Amino acid sequence: MSNRIYLDHAATTPLDENVLQKMLPYFTELFGNADSPHAVGRKAMIAIDSARDTVAALLNAKPNEIYFTSGGTEADNWALYGGAHAQKEQGKDHIIVSAIEHHAVLATAEKLEKEGFSVTYLPVNAGGRVELNLLKEAITDKTGLIAIMAVNNETGVIQPVVEIAKIAKERGVLFFCDGVQAAPYGKMDVKALGVDMLSLSSHKFYGPKGCGVLYIRGGVKVKGLIVGGEQERGLRGGTTNVPAIVGLAAAYEQNVATVSASNEKIARMNELFLQKLSDLEGVEINGEQEERIPSVLNVRFCGVNNADFVYNMDLAGVSLAAGSACASASIKPSHVLLAMGKTDEEAKECVRFSFGKNNTEEEIRRAAALTKEIVTRLRQSK
Ligand SMILES: *Cc1c(COP(=O)(O)O)cnc(C)c1O
């Protein structure tokens, strides 16, 4: 696989070698169950406590506000489902989610709707951003929870989280923010952001898959999602995944320490890639330009079917996606692009390049040249 070019970092990132080294002992000699009342178990619990302290400090939270989960999807499900049900006990059965949320949030909202909650799917503008005045109008005295992501995984567009948090607070509504795509590209401070809940996923910042975080601000009531054990302060049962949690903390720590340098590098890659495509006609960039993380580039190649493009790029050795990994196996146009006002036809001509810290300039040049070649070939073959 060594000369393949990987441009799908929004789907997942490779595990960092330093992180792997820190995880390895917890698969072998330090295999204990963190809840066992003996020395082997205590060693595992010490590692978990330390990971929790690390993540809490980096997020400007308290250790008892950090809950480890099996990933971003579980954290998103939990925040929305557990948050909504706790709010219902206060007589609030309306929730607001943006139309461009990850399926982990949208599918949970649909499930809540079937259970009798009322759900507002907040539209976005053509640039892919939530409009604050529409959010304000959508809030009623029945609204218990707002879920809006920090950065969209398909377009890279940044949402106005601080402003949303202010509105939510003023109106006494809980605010859950899916921070999964934002975490790799900036330090997240839960106090500065003003969020009540925040989700992270380890494999989006060069950590292991199957591990995530839900931050729940102290005092916020959320129902547990997984029952059957007293782990995670009784809210999330299941034997603690020690190696993954150790890896998550190590990966997040390394990410925060190196994020500004890698952002700069990634921004240069993005710029170089676009510059190399500048003589190709019929290229449109999706999403607001000013408020976008540098690692994600969503473009439309007019007249080129995205599935054909992705397939041909794959054959040529470049991995990228037509949209989010969870949806790209289907031929359905992206719900994010449709929410931004694209037609089905337009959305089916859009692809997502997502760059990472290990990409080289040489790879970007090669990927751009292959893109031009394949776009041109597919257009001619029509
Ligand atoms: C990847 C992703 C998730 C899901 O996280 P997993 O750990 O893969 O379950 C949720 N939200 C966003 C925005 C994502 O990009």
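This is a predicted model: local features need pLDDT of at least 70, side-chain atom pairs count only at pLDDT 80 or more; totals for chains, interfaces and linings use all residues.

**Stop 1: the ligand.** Gln181 puts a polar side-chain atom 2.7 Å from a ligand oxygen. Click on His203 next: an N or O atom of its side chain sits 2.8 Å from an oxygen atom of the ligand. For Lys204, the distance from a side-chain N or O atom to a ligand oxygen is 2.8 Å.

**Stop 2: α3 and α4.** Thr73 is your way out of the site, as it also takes part in a helix contact. Select residues 72-88 for α3 and 103-114 for α4; their axes come within 8 Å and cross at roughly 30°. Angles under 35 degrees count as roughly parallel, so that's what α3 and α4 are. Their crossing is right-handed. On the α3 side, colour Thr73, Asp76, Asn77, Leu80, Tyr81, Ala84 and His85; on α4, pick Ala104, Val105, Thr108, Ala109, Lys111 and Leu112. By type, this contact has seven nonpolar, four polar and two charged residues.

**Stop 3: α8 and α13.** Select 242-276 (α8) and 361-380 (α13). How do their axes cross? At roughly 30°, coming within 9 Å, and therefore roughly parallel. This crossing is right-handed. From α8, show Met269, Leu272, Phe273 and Lys276; the α13 partners include Ile364, Arg365 and Ala368. The contact holds six nonpolar, one polar and four charged residues.

Notes:
Residues are numbered from 1 along each chain as its sequence is written. Side-chain values use heavy atoms; hydrogens and water are left out. Axes are lines fitted to C-alpha atoms, for helices over the stretch in contact, and angles run from 0 to 180 degrees between N-to-C directions. Helices (H or I, at least four residues) and strands (E, at least two) are DSSP runs, numbered from the N terminus. Angles under 35 degrees count as roughly parallel, over 145 as roughly antiparallel, 65 to 115 as roughly perpendicular and the rest as oblique. A crossing is left-handed if the near helix is turned anticlockwise from the far one by less than a right angle, and right-handed if clockwise. Contact means heavy atoms within 4.5 Å. Ala, Val, Leu, Ile, Met, Phe, Trp, Tyr, Cys and Pro count as nonpolar, Asp, Glu, Lys and Arg as charged, and the others, Gly among them, as polar. A polar contact is a pair of N or O atoms within 3.5 Å; within protein, one must be able to donate a hydrogen and the other to accept it, and residues adjacent in sequence count only if both atoms are side-chain atoms.
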